[in-house]
Every structure is written in structure tokens, then in C-alpha cells.
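Hi everyone, thanks for coming.

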Amino acid sequence: MYIFGYGSLINQASRQRTGQTGKAVAAVVAGFDRSWGKIDGSYQMSPLVVQPGNGRCNGVVVEIPQSELVEFDRRYRGYRRIEIDSSSLELSESIDGDKPVWIYIKENADNPCQDKPILQTYVDTVLAGCLSISVEFAESFVEQTAGWHHPLEDDRHLPRYGNLAGVMPGHHDHIDQLLSRVR
């Protein structure tokens with residue numbers, strides 16, 4: 001089976017914090033809108049969410065063993081896992097078409113606020129993953145994500161994001177440059 005990762009799962013080091021995964025294939029899914037959104041009380045920040053819509057969002061399709069699904073469901077508590085219609089996917093390379101592709105959605109998420117802001121270290125983790133694919137992939141990610149105007153807390157010096165991974169100091173300038181277009 002596969003999971004379509006559209007946020008921190010784009011980052012290989014972040015994926016490994018949850019469970020065993022196979023190769024990640026860059027992809028775009030149509031029919032979903034990605035934004036920053038506040039989840040229930042178990043989250044101390046506002047993560048990325050997708051909901052069915054008219055948009056497109058890039059990410060990665062990651063193969064996982066059935067035995068790892070429970071860990072990914074735990075990571076995405078507060079979300080609902082649904083199967084993606086394979087015709088809505090554009091893949092950079094082929095995958096096993098007989099296996100389902102799942103995506104975690106959150107409909108009607110509240111907007112980020114000062115109490116549950118977007119965390120810079122979460123943004124850094126996601127964009128470091130995007131940059132590992134290409135600069136163009138990272139630019140598309142920024143363009144295809146709504147809600148950049150909501151409160152953002154710069155926690156780089158005292159990270160609050162629990163899955164911070166795969167971010168090198170050299171990433172910060174590039175990430176800040178990408179964000180200057182939308183903030």
C-alpha cells in the first residue's frame with residue numbers, strides 16, 4: 001500500500017521517525033486543496049491539512065508495509081484516511097497500480113491562531129524534504145499551499161516540532177527566500 005504525503009512525509013528523515021517506508025515517488029494529486037489548519041486539542045501547532053476541492057498539491061507517494069499503517073494512523077490522529085482515485089495522480093515514475101494509495105484529510109479545519117501557530121521548524125522540515133526533490137518542487141509546494149498569512153512562530157532556536165528532521169543549517173536561507181514570496 002501507499003500513502004500520499006503532502007507535508008512532513010515529503011521529508012525522508014521525518015518519515016523514518018514514524019515507521020518503515022519504501023521509496024518515495026514525487027507526485028501531484030488533483031482534487032485536493034492544501035492549507036494550514038488547526039486540528040483538535042492534541043496538536044500544539046497548526047499543521048498542514050488537505051481537503052477535497054478543486055486544487056492540486058504536490059507531495060510524495062510512499063510505499064509502506066501493511067504492518068506500519070497503525071503507526072501512520074497514530075501520527076495522523078485527528079485526520080481521516082481515504083483512498084485516492086489513481087486517475088487523479090500524476091507520478092514522476094510508476095508504482096504498483098494494484099495497491100491502494102491513501103491520503104490523510106481534515107475537513108473544516110480551523111485557521112491557525114496565536115495559541116496554535118504554524119511552527120517554523122515544521123515548515124523547515126517540509127521544505128527541506130521538498131528541496132531534496134528539487135527547487136521547482138519546493139516552489140510549487142509554496143504556491144499550492146494556502147494560509148501562509150496566519151501566525152507563524154519562529155522556533156528555530158528552541159524547536160517545538162516533535163518530528164523536526166533532515167534540516168541542515170544551509171537550508172534556512174533557501175527556505176526563508178521561498179517564504180518571502182508568500183509572507
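Predicted model: local features only at pLDDT ≥ 70, side-chain atom pairs only at ≥ 80, totals over all residues.

Okay, rings. A search across the whole structure turns up 6 aromatic pairs. Let's take Trp 36 and Tyr 122: their ring centres are 5.6 Å apart and the planes sit at 70°, so this pair is edge-to-face. Where do these two come from? Trp 36 belongs to strand S2, residues 24–36, and Tyr 122 to helix H3, residues 120–133, so the pair ties together parts that are 86 residues apart in sequence. Both Trp 36 and Tyr 122 are buried.

Here's another pair, Tyr 76 with Tyr 79. Their centres are 5.4 Å apart with the planes at 85°, so that one is edge-to-face as well. Tyr 76 is buried, and Tyr 79 is buried too.

Now back to Trp 36 and Tyr 122, which belong to one aromatic cluster together with Phe 141, Trp 148 and Tyr 161. And while we're on rings, look at Trp 102: Arg 81 lies over its face, 4.6 Å from the ring centre.

Next up, helices. You've met H3 already, so how does H3 pack against H5? The angle is about 100°, and the axes are 10 Å apart. That makes H3 roughly perpendicular to H5. Which residues meet there? On the H3 side you have Gln 120, Val 123, Asp 124, Leu 127, Ala 128 and Leu 131, and on the H5 side, the list includes His 171, His 172, Ile 175 and Leu 179. If you sort the residues of this contact by type, you get 7 nonpolar, 4 polar and 2 charged.

Let's zoom in on His 171. You'll find His 171 in helix H5, which covers residues 169–179. Is His 171 buried or exposed? Its relative accessibility is 18%, so His 171 counts as buried. Leaving out residues up to four places away in sequence, His 171 touches Ala 128, Leu 131 and Gly 166.

Last stop, another histidine: His 157 lies in the loop between strand S9, residues 152–153, and H5. With 80% relative accessibility, His 157 counts as exposed. And how far is His 157 from Thr 21? The two are 136 residues apart in sequence and 30 Å apart in space, going C-alpha to C-alpha.

Notes:
Residues numbered from 1 in each chain as written. Heavy atoms only, no water. Phe/Tyr/Trp six-rings, centres within 6.5 Å; stacked < 30°, edge-to-face > 60°. Helix = DSSP H or I, 4+ residues; strand = E, 2+ residues; numbered from the N terminus. Buried < 20%, exposed > 50% of the residue type's maximum accessible area, 1.4 Å probe, protein only. Lys NZ or Arg CZ within 6 Å of the ring centre and 35° of its normal. Contact = heavy atoms within 4.5 Å. Axes fitted to C-alpha atoms, helices over the stretch in contact; angles between N-to-C directions. Parallel < 35°, antiparallel > 145°, perpendicular 65-115°, else oblique. Nonpolar A, V, L, I, M, F, W, Y, C, P; charged D, E, K, R; others polar.
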